Amino acid sequence: MALLFATDPAGAFWNAKGVLILGVFWGLWHLPLNLFYYAPDTRLQSIAAQLITCIALSVFFAFAYMKTDNIWIPVILHFMNNNIAGLISGGTVSGAVIEWKAVLIHLIFYSIFFLPFLASKVFRESETEKK
C-alpha cells in the first residue's frame, strides 16, 4: 500500500473505487498469513475478516494520506494497527478460531467506523481542485 502512495503522486488512483480495489489487493497480499498462521482451522472466516479489515483500513489510511499529504501518517497508523492487535490478543495472533458471527460483527464495526470516510470530499476532489 505504501508503494502505491509513493508511486502515484498525481493521485490518479485516489478515488473511492480505487481505494476499495486497493483494499482487496491488500487483503489478498495477507493470504498466506490467513491460510497458514492466523487461523488455519477457519481459513475462509480468516480471509473474510482480513479482506474486511484491509478494505476498511485502506479507506482510512488513504484519507489520512490525502488530508496530510504525508506518507509517514499511514505508515505510522499501519504500525500502530499491527502492534495494537498484538497487545489486544495477548501477544499471539496465531491459531485463532474465527466464527462467521465474529466476521459479521467485524463487518458491521469496520463499516460503521471506517467506511464513512468515503463520503469525505477528499475522495471526490480532482487533483486540480486540491491545489
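This is a predicted model: local features need pLDDT of at least 70, side-chain atom pairs count only at pLDDT 80 or more; totals for chains, interfaces and linings use all residues.
1. A residue is called buried under 20% relative accessible area, exposed over 50%, and partly exposed in between (1.4 Å probe, protein chains only). At 9% relative accessibility, tryptophan 26 is therefore buried. Tryptophan 26 belongs to helix H2, residues 16-29; helices here are DSSP runs of H or I with at least four residues, numbered from the N terminus.

2. Residues are numbered from 1 along each chain as its sequence is written, and side-chain values use heavy atoms, with hydrogens and water left out.

3. The largest pocket has a volume of about 980 Å³. A pocket is an open set of points on a 1 Å grid over the protein atoms alone, where a 1.4 Å probe fits, with protein on both sides within 12 Å along at least five of seven lines; lining residues have an atom within 4 Å of a point. The volume is the space filled by probe spheres set on the points, which are joined across faces, edges and corners.

4. The lining of the largest pocket comprises 32 residues, and Thr53, Asn81, Ala85, His106 and Tyr110 lie nearest the centre. Two or more lining residues come from each of H3 (31-38), H4 (43-68), H5 (72-88) and H6 (100-113). H5 gives the most, nine residues. By class the lining has 20 nonpolar, 12 polar and no charged residues; Ala, Val, Leu, Ile, Met, Phe, Trp, Tyr, Cys and Pro count as nonpolar, Asp, Glu, Lys and Arg as charged, and the others, Gly among them, as polar.

5. H4 and H5 also pack against each other. In H4, the residues Leu57, Phe60, Phe61, Ala64, Tyr65 and Thr68 meet Ile73, Pro74, Leu77, His78 and Asn81 of H5, where contact means heavy atoms within 4.5 Å. Eight of these residues are nonpolar, three polar and none charged.

6. The loop between H4 and H5 holds aspartate 69. Aspartate 69 is exposed, at 62% relative accessible area, and has a positive phi of about 55° although it is not a glycine.

7. Alanine 96 sits in the loop between H5 and H6 and is partly exposed, at 31% relative accessibility. Beyond its neighbours within four places in sequence, alanine 96 contacts Tyr38, Ala39 and Thr42. The C-alpha atoms of alanine 96 and threonine 42 are 8.0 Å apart, although 54 residues separate them along the chain.
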